[in-house]
Amino acid sequence: MLKIVIAGGFGVGKTTAVAAVSDITPLSTEEYLTEASTGVDSLEGVEAKETTTVAFDFGRTSLPDAPVPLELFLFGTPGQDRFGDLWYDLSRGAVGAVVLVDTRRLESSFAPIDFFEDIQLPFAIAVNHFDGTERHHPEEVRDALGLSASVPVLPCDARNPDHVAGILIALVGHAMRTPPTEPAPVPSATTYQDA
């Protein structure tokens, strides 16, 4: 059994990805956007979005056809940078992370990528294809994000269980090939776990 974090910017499809592949009804903490988030959460590129994750999503999936049968616990993070302390809590004990990317809003990917690089948690990039958007070759995305050749960058439709399962399998393989490192220290700020 392995823990995996599903991360990415606001509105990139994290909740959708967890729901697509989960064998159980996922736990979701989606709440409606309110006027209080106006000016804080940019809806540019996702104007139709009405809800946001305020804590985390949780799902569980079995992948018996993987090279080694896997039981995965999936934790989807909130997308906004202001929930960074919660990202630390959700990443504790994880084998790796998937960072979902929307190429229309590539800048929203930098904070989660920097976060996982800083805490030295292996991650893979899933380029989520939205209907009607231009497709980019994974190597173009790798270059735009400034990623090393070792980081898997794969196309994905977060609504498709087979696509999401493929990304998860690629991440686990990448994590197994990545030499273990001493975890980076967690900042001294109060987190949910401390409260």
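A polar contact is a pair of N or O atoms within 3.5 Å; within protein, one must be able to donate a hydrogen and the other to accept it, and residues adjacent in sequence count only if both atoms are side-chain atoms. The model is predicted: local features need pLDDT of at least 70 and side-chain atom pairs pLDDT 80 or more, whereas totals for chains, interfaces and linings use all residues. Residues are numbered from 1 along each chain as its sequence is written, and side-chain values use heavy atoms, with hydrogens and water left out.

The side chain of R105 reaches the backbone oxygen of F10 at 2.7 Å. R105 lies in the loop between β6 (96-101) and α3 (110-118); helices (H or I, at least four residues) and strands (E, at least two) are DSSP runs, numbered from the N terminus. R105 counts as buried at 7% relative accessibility, the cut-off being under 20% relative accessible area (1.4 Å probe, protein chains only).

Strand β5 (residues 70-76) is largely enclosed by the rest of the structure, because five of its seven residues are buried. β5 pairs with β1 (residues 2-8) in the parallel sense over five bridges, where pairing requires at least two DSSP bridges between two strands. The bridge partner of V5 in β5 is F75. With β4 (residues 57-63), β5 pairs in the antiparallel sense over seven bridges, and G59 stands opposite L74. β4 and β5 form a hairpin with six residues between them.

Terms used. Buried means under 20% relative accessible area, exposed over 50%, partly exposed in between (1.4 Å probe, protein chains only).
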